[in-house]
Amino acid sequence: MQALELKTKEKVKIRRVYMDYAATTPVALEVLEEMLPYFSERFGNASSIHSFGREARHALEDAREKIAKGINADASEVFFTSGGTESDNLAIKGVALASKKQGKRHIITSKIEHHAVLSPCESLEALGFDITYLPVDEYGLVRPEDLEAAIREDTCLVSIMHANNEIGTIEPIAELAAIAAEHGVLFHTDAVQSVGKIEVDVRKLGVDFLSISSHKIYGPKGIGALYVRKDAFKKIEPIIHGGGHERGLRSGTENVAAAVGFGKAVELAVSELDAERERLTRLRDMLIRGVLEIEDARLNGHPTERLPNNANFCFARIDGEALVLRLDALGIAASTASACSSHDPERREISHVILAIGVPPELARGSLRLTLGRYTTEDDVKYVLEVLPDVITDLRRISAL
Ligand code: PLP
């Protein structure tokens, strides 16, 4: 009993370190403050023509401007959605619906996309579309020559993510989008993980569609946006029909409070980008160096072309889920790539991304993603480096037994 009590007391003292910023982020106080009035006194429906409605409309359009500015788009090219998943679905299914009429039924994507891209592609396959899943190299990079070779007469869309959510690899989007454009094929990129971490400029990238999510950048959950290049607006159809909001592309009463928060979050992220990129890169590299001192540890993803806040490893003879649970007990929130929704029970806890970069399944099982953010300190990194080696040793000892 006494031992239990002691343990409980110790637990209270345990440091809490959040290293799962790629999963979600807390709403920044500055963001929350801007949102609050739109839940109460400024509650109007942005479609109403009276003063309450006009006030909401004004806030909504102001948020749209801020988001557009953050990605170097025009405000008329930004369409609010419920988040990254919906933006990806809208881009893929919306273009598929519009292209079907011209007999174009082929889509190209990559093997390492988020399920918000892979699942809509699979659903289109069931409707008679043909999908090419491009392989990636050992770092997770799509090869431009593979894209070039995969394009067909009936290709309507290429969808390749800007930065991978698991291993942090940054894809050569400008080069890939230029190839698609040469062949007259539309290009979508999922920039959910890159916005706020690296420069995202839709003109420089040369994309037609780009997905963003608010909760990855210290904004509220449940809101995102799809950038639709002006000329591409006629080449996409809505997948949600109703009152014709968002110029008919996405019906549903606008979530003004969330949009206001999202706008502020983009503004903040862009203004802090250079300083944060530098700070996080330093912490990330310190973390990577320390973790790679552990026996039989490997870094997943590109050594330099990677997000400043992402570190992803595989540890031989380790079960990733057990590792995450042990770290959690020590106050560290991390993730393994086990959220994979594969229907094959044998592979359920193995990431499709880690497998696609050629890691053998038995090693891929021992993956750990540590993602840093606005509130990560050097002491947090030191704490992880202090406890991780012992946790790995202990887990290996148990598994050997
Ligand atoms: N795309 C990527 C690359 C992501 O990391 C995520 C979220 O994990 C999504 C899409 C889905 O975004 P949301 O959670 O806003 O639906």
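In helix 5, the residues Ala-116, Val-117, Leu-118, Pro-120, Cys-121 and Leu-124 are buried, where buried means under 20% relative accessible area, exposed over 50% and partly exposed in between, with a 1.4 Å probe and protein chains only. The model is a predicted one, in which local features need pLDDT of at least 70 and side-chain atom pairs count only at pLDDT 80 or more, while totals for chains, interfaces and linings use all residues. Residues are numbered from 1 along each chain as its sequence is written, and side-chain values use heavy atoms, with hydrogens and water left out.

Helix 5 covers residues 115–126, and its twelve residues reach 16 Å from the first C-alpha to the last, close to the 16 Å expected at 1.5 Å a residue; the expected span is 1.5 Å times one less than the number of residues. Helices (H or I, at least four residues) and strands (E, at least two) are DSSP runs, numbered from the N terminus. The buried residues of helix 5 pack against helix 4 (84–100), strand 3 (106–110), strand 4 (130–134), strand 5 (155–159), strand 6 (186–190) and helix 11 (352–356), contact being defined as heavy atoms within 4.5 Å. Just after helix 5, Gly-128 takes a positive phi of about 100°.

Leaving aside neighbours within four places in sequence, Thr-109 is in contact with Val-117, Cys-121, Ile-131, Thr-132, Tyr-133, Leu-134, Ser-159 and Ile-160.

The pairing of helix 4 with helix 5 can be described in terms of axes, which are lines fitted to C-alpha atoms, for helices over the stretch in contact, with angles running from 0 to 180 degrees between N-to-C directions. The two axes come within 8 Å and cross at roughly 30°, which makes helix 4 roughly parallel to helix 5, given that angles under 35 degrees count as roughly parallel, over 145 as roughly antiparallel, 65 to 115 as roughly perpendicular and the rest as oblique. On the helix 4 side, Thr-85, Asp-88, Asn-89, Ile-92, Lys-93 and Ala-96 meet Ala-116, Val-117, Pro-120, Cys-121, Ser-123 and Leu-124 of helix 5.

Helix 10 contributes Ala-322, Leu-323, Arg-326 and Leu-327 to the contact, and helix 13 contributes Val-387, Leu-388, Val-391, Ile-392, Asp-394, Leu-395 and Ile-398.

The loop between strand 8 and helix 9 contains Pro-238, which is buried at a relative accessible area of 18%. The C-alpha atoms of Pro-238 and Arg-250 are separated by 6.1 Å, although the two residues are twelve apart along the chain. Not counting residues up to four places away in sequence, Pro-238 touches Leu-90, Leu-97, Gly-248 and Leu-249. Arg-247 also lies in the loop between strand 8 (224–228) and helix 9 (256–291); Arg-247 has a positive phi of about 50° although it is not a glycine, and counts as partly exposed at 49% relative accessibility.

Another non-glycine residue with a positive phi is Asn-72, where the value is near 60°. Asn-72 lies in the loop between helix 3 (51–70) and strand 2 (78–81) and is partly exposed, with a relative accessible area of 38%.
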